[in-house]
Amino acid sequence: MKTKDLLRELENMLTKDQINTDEEDLYDASADRYKKYAKVRRVLDVPKPQAIVYPNTAEEVSKLLKFCNENKINVIPRSGKTATEGGLENWKEETIVIDAKNLNKTIKIDEYNMQATVQAGVVLGELEEELRKRGYTTGHSPQSKPVAKMGGLVATRSIGQLSTLYGGIEDMVVGLECVFPDGHISRIKNVSRRAGGPDIRHIVIGNEGALCYITEVTVKLFKYFPENNEFHGFLVKDMDTGIKVLREVMVNGYRPSVARCYSEEDAKQHFYHFYKDHCVVIFMAEGNKEIAEATGKGIEMAAEKFKEGIVEKVDSGLLEEWFENLNWSQQDIDDEYEGMLENDSHTGFTTEVSGDWETIIKIYHNVMKRIKEEYHRVEDLTLLGGHSSHSYINGTNMYFVYNYEIHCAPEDEMRVYHHPMQRIIVEETLKLGGSMCHHHGIGKFRNEWTKEEHGSAYYMLEKLKESFDPNNIMNFGTIYPQEEGEKYQK
Amino acid sequence: MKIICLVKFIPDVENIQFDKKKNVLMRENAKLTVNPDDETALAAALKVKELAPDTSVEIVTMGPKGVTRKFQDLLRRDVDKGILISDALYVGSDTYATSRILGAYLKTQQADCIFTGTHSLDGDTSHVPAQIAEILGIPQMNNVITLDMDQLLQGKALLQVNSEGDTLHFQMNLPGIISFEKSREYKMPYIRYEDFQRDVSDKIKIFSNEDLQLKEEEVGLTGSLTEVSRTFMKEVSKKDSITVKNDDEGIERVYQFLKEKGYL
């Protein structure tokens with residue numbers, strides 16, 4: 001549909017101030033942080049969406065989706081803009097972005113039943129601030145907290161820095177409301193638990209806008225006891241020891257909110273003032289006093305068990321200070337963009353994977369070896385390392401990080417630098433049975449491995465798409481591989 | 001027009017590692033990078049070529065054969081030819097002997113212009129460009145910020161030169177040596193994706209003393225007029241860290257610290 005005709009149709013459904021056709025905003029909406037460097041340098045190779053719309057209600061979302069479905073117009077659901085894997089990148093000429101900016105109401109904070117209901121466009125940081133005033137927390141604390149919005153967090157199966165205690169967003173969502181391409185609005189009710197068939201929340205959580213549009217979510221609340229926080233840290237001789245310490249804590253039933261192990265290289269960028277060329281393991285114990293103290297003791301016992309590999313203990317004051325400055329704000333994002341305009345480099349490319357305890361360390365070593373031996377621009381790397389930052393009873397994640405000087409044209413950056421390393425990481429992870437995407441989602445740039453990631457269970461994922469989005473209008477190219485989109489990937 | 005660019009590869013001082021226990025730089029792990037002033041010179045030469053595509057740009061460097069990979073990256077940016085001057089006899093050459101070696105090569109060439117950097121980050125003497133000019137008997141100018149490209153293509157070098165903060169304008173006869181200082185005025189073109197793994201080995205020619213025919217006593221340590229009597233590493237000692245709060249007192253303390261150290 002031509003843009004002129006599309007806008008006329010949109011004006012029949014929405015008021016003029018709910019439709020944005022500002023060229024700069026459309027350019028911004030054509031890609032997310034995945035192509036941040038090319039975006040800043042104004043060399044994006046993807047089409048701009050035709051419009052960004054801001055519905056005020058679930059009913060308006062329903063009308064919009066129904067219209068797009070009937071006219072086969074691609075829809076990119078957006079709530080927040082911190083996607084890192086191309087989930088918000090546009091691959092279709094005929095596209096609208098449905099942004100949750102106006103779905104910004106906190107509907108209910110229910111302290112007795114320990115749950116809060118908010119619309120999709122509520123900023124997590126703002127909700128958290130309100131809750132903390134009342135002595136509560138969502139327990140969800142991704143680095144993007146000051147700018148990320150609730151709908152986007154649920155849609156991408158987000159995880160926070162305190163996940164080892166509170167879980168990922170999938171453990172926090174009680175119920176939700178979402179809208180499907182045919183206009184149907186589904187409400188999943190808020191109950192403590194049920195056995196009413198499969199847990200249909202999980203069709204929505206993590207759908208990355210490829211199946212439906214989330215308009216409202218209800219999440220659990222937890223009591224907030226910052227005064228009881230304990231910080232524990234150790235310099236360790238290698239990653240193997242660090243991962244063993246993490247495992248020891250977890251398998252003994254302790255649930256620190258933070259449990260992390262950094263390679264020397266990665267530790268250098270975070271803890272340059274105390275890492276002393278060693279790997280670093282850090283923990284935060286929180287909760288009510290007795291639990292925080294018991295968790296702290298469990299951490300010390302685990303370190304004692306592996307004392308052969310412990311170099312020294314870290315001053316807890318240094319860790320506390322580090323935690324206080326961990327989140328990035330809109331100002332940080334703006335500063336980062338300024339930096340990318342000035343310099344042929346940027347920081348912060350990552351690929352995050354997961355595996356069981358036995359496997360994760362093998363993945364780590366295999367990846368390091370292969371990148372150092374095979375990657376053709378290895379001399380441009382200014383950092384290659386990794387850390388584990390989210391642990392479970394049966395395993396943990398590995399966050400590979402790599403910074404590099406950029407010697408190619410901005411539009412070639414991903415193909416020259418990120419993709420070859422990402423490929424090695426994903427191949428090594430899948431080969432050993434791990435998951436290629438621990439918490440950033442598949443987006444559009446890991447979709448070539450979606451089938452391999454899910455194996456025979458891909459059948460289920462495929463059927464969901466066929467059932468809920470038969471016209472393939474929802475976030476074209478996200479999660480599900482599309483031949484037409486390959487030109488933007490390779 | 002033929003432009004020859006003299007380029008030096010130096011240790012990447014920003015990413016050099018330091019052995020805190022032994023108090024020494026870990027030179028064996030140091031990456032090599034193009035001297036920033038020389039990079040500006042090459043970027044300017046490639047700008048000339050962009051404006052006048054029939055311009056030939058040749059880069060000349062002296063060093064071990066290990067620099068070849070970095071050298072190839074330069075050649076992937078529309079440089080026509082690369083000359084690597086490398087010979088065990090040349091090891092230990094001071095700036096005078098180095099100028100003599102480079103001069104011997106340049107005497108065999110007919111360049112309209114020689115571009116190079118003013119300073120090198122590792123040596124920082126600025127001797128080499130002026131000494132080569134002396135050997136070749138041509139003019140030379142340091143601290144060039146910009147040159148008028150159109151005029152250059154008409155055989156005239158109009159130069160803007162940084163003279164301790166003032167900008168001076170000069171006209172220089174060609175052939176001559178134009179020594180740039182690092183600037184954002186000229187930016188190296190990027191290597192395109194298609195060219196990243198392109199084989200450019202056929203563009204490289206290695207020159208040894210067999211080609212240049214210098215006497216042994218003219219090069220290396222014996223041919224050098226100067227010698228390094230001693231090098232020493234600045235002692236690094238661990239300082240106690242001070243943590244301040246994000247309040248007026250903390251800000252004042254940081255401000256005073258930066259002022260005392262000359263950053264403000």
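Visitor: Which helix of chain A lies across strands E8, E9 and E10 of that chain?
Guide: A word on the model first: it is predicted, so local features need pLDDT of at least 70 and side-chain atom pairs count only at pLDDT 80 or more, while totals for chains, interfaces and linings use all residues. Residues are numbered from 1 along each chain as its sequence is written, and chains are lettered from A and ligands numbered from 1 in the order in which they are written. Helices (H or I, at least four residues) and strands (E, at least two) are DSSP runs, numbered from the N terminus. Lying across strand E8 (173-179), E9 and strand E10 (213-220) of chain A is helix H4 (residues 58-71).

Visitor: At what angle does H4(A) run to E8(A)?
Guide: Axes are lines fitted to C-alpha atoms, for helices over the stretch in contact, and angles run from 0 to 180 degrees between N-to-C directions. Two residues are in contact if their C-beta atoms, placed from the backbone, lie within 7 Å. For H4(A) and E8(A), the angle is about 45°.

Visitor: Which strands stand at the edges of the five-stranded sheet in chain A?
Guide: Strands count as paired if DSSP finds at least two bridges between them. The open sheet is antiparallel and has the order E5-E6-E10-E8-E9, with neighbouring strands turned by 10° on average, direction ignored. Pairing on one side only are strand E5 (106-110) and strand E9 (185-188).

Visitor: Which residue of E6(A) stands opposite Thr106(A)?
Guide: E5(A) and strand E6 (residues 115-119) of chain A run antiparallel and are joined by four bridges. Opposite Thr106(A) is Val118(A).

Visitor: Which strands of the nine-stranded sheet in chain B have a single partner strand?
Guide: This open sheet runs E11-E10-E9-E12-E8-E1-E6-E7-E13 with mixed pairing, and its twist averages 35° from one strand to the next. Two strands stand at the edges, so one side of each is left without a neighbour in the sheet. They are strand E11 (166-172) and strand E13 (204-207).

Visitor: Which residue of E12(B) is the bridge partner of Met141(B)?
Guide: Strand E9 (residues 140-147) and strand E12 (residues 176-180) of chain B pair in the parallel sense over three bridges. The partner of Met141(B) is Ile178(B).

Visitor: How many residues are in the largest nonpolar core?
Guide: A residue is buried if 20 or more other C-beta atoms lie within 10 Å of its own, exposed if 12 or fewer, and partly exposed in between, with C-beta atoms placed from the backbone. A nonpolar core joins buried Ala, Val, Leu, Ile, Met, Phe, Trp, Tyr and Cys residues through C-beta atoms within 7 Å. Val154(A) is one of those touching the most other members, and its contacts include Ile169(A) and Leu176(A). The number of residues in this core is 118.

Visitor: How many residues of chain B are in contact with chain A?
Guide: Chain B has 264 residues, of which 32% count as buried. The chain A side of the contact consists of 11 residues. On the chain B side, the count is 11.

Definitions and conventions
Lists of a residue's contacts leave out its neighbours within four places in sequence.
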